[in-house]
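Please keep the sequence and the model in view while reading.

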Amino acid sequence: VDRSCLNSKDCDWISVNCCPENSGALWGCVNPTKSKVVCDEEDLGCYTFISKRPSESCLCINNICALK
């Protein structure tokens, strides 16, 4: 994943383990345009618990996507 950014519009929360919100997503504050998360359907290993998208702000701070 790539956390580099020029402004906060470049940053967002994405599931970095390819699991959906209702199956144990592992959230990362990253640059989704530059991040290439490769998902292998056979190896996902998702869980049976809900992992809601974080409510904290994912912003560009010193050219790195980070929490406020």
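Predicted model: local features only at pLDDT ≥ 70, side-chain atom pairs only at ≥ 80, totals over all residues.

The side chains of Arg53 and Asp12 meet in a salt bridge, with nitrogen and oxygen 2.3 Å apart. Because Arg53 lies in the loop between β2 and β3 (58–61) while Asp12 belongs to strand β1, this pair ties together parts that are 41 residues apart in sequence.

**Salt bridge**

- The count for the structure comes to one salt bridge, and in general terms, side chains of opposite charge can pair when their charged atoms come close.
- Both partners fall in the partly exposed class, since Arg53 has a relative accessibility of 39% and Asp12 has one of 29%.

**Disulfides**

- The count comes to five disulfides, and with bonded cysteines counted along the chain they follow the pattern 1-9, 2-10, 3-6, 4-7, 5-8.
- One of them joins Cys11 to Cys65, with an S to S distance of 2.1 Å, and the angle of -85 degrees about the S-S bond makes the link of Cys11 and Cys65 left-handed. Cys11 lies in the segment before β1 and Cys65 in strand β4 (residues 64–67), so the pair ties together parts that are 54 residues apart in sequence.
- Cys11 is buried, with a relative accessible area of 8%, and Cys65 is buried as well, at 0% relative accessibility.
- Another disulfide is formed by Cys18 and Cys39, whose sulfur atoms are 1.8 Å apart; the link of Cys18 and Cys39 is left-handed, with -85 degrees about the S-S bond. Because Cys18 lies in the loop between β1 and β2 and Cys39 in the loop between β2 and β3, this pair ties together parts that are 21 residues apart in sequence.
- Cys18 counts as buried, with a relative accessible area of 17%, whereas Cys39 counts as partly exposed at 38%.
- A further disulfide joins Cys29 to Cys58 at an S to S distance of 2.1 Å, and the link of Cys29 and Cys58 is right-handed, with 95 degrees about the S-S bond. Cys29 sits in strand β2 and Cys58 in strand β3, so the pair ties together parts that are 29 residues apart in sequence; both Cys29 and Cys58 are buried.

**Nonpolar core**

- The largest nonpolar core has seven residues, namely Cys5, Cys11, Trp13, Cys29, Cys58, Cys60 and Cys65.
- Within this core, Cys60 touches Cys5 and Cys11, and its contacts also include Leu6, Asn7 and Ser8, when residues up to four places away in sequence are not counted.

- A search of the whole structure finds one aromatic pair. The rings of Tyr47 and Phe49 have their centres 5.6 Å apart and their planes at 25 degrees, so the pair is stacked.
- Which residues does Ser23 touch, not counting residues up to four places away in sequence? Ser23 touches Cys46 as well as Tyr47 and Phe49, and Ser23 itself lies in the loop between β1 (12–15) and β2 (27–30).
- The side chain of Ser23 also makes a polar contact with the side chain of Asn22, at 3.4 Å.

Terms used. Residues numbered from 1 in each chain as written. Heavy atoms only, no water. Phe/Tyr/Trp six-rings, centres within 6.5 Å; stacked < 30°, edge-to-face > 60°. Helix = DSSP H or I, 4+ residues; strand = E, 2+ residues; numbered from the N terminus. Polar contact = N/O pair within 3.5 Å; in protein donor to acceptor, adjacent residues only side chain to side chain. Contact = heavy atoms within 4.5 Å. Core = buried A, V, L, I, M, F, W, Y, C linked by side-chain atoms within 4.5 Å. Buried < 20%, exposed > 50% of the residue type's maximum accessible area, 1.4 Å probe, protein only. Salt bridge = Lys/Arg side-chain N within 4 Å of Asp/Glu carboxyl O. Disulfide = S-S within 2.5 Å.
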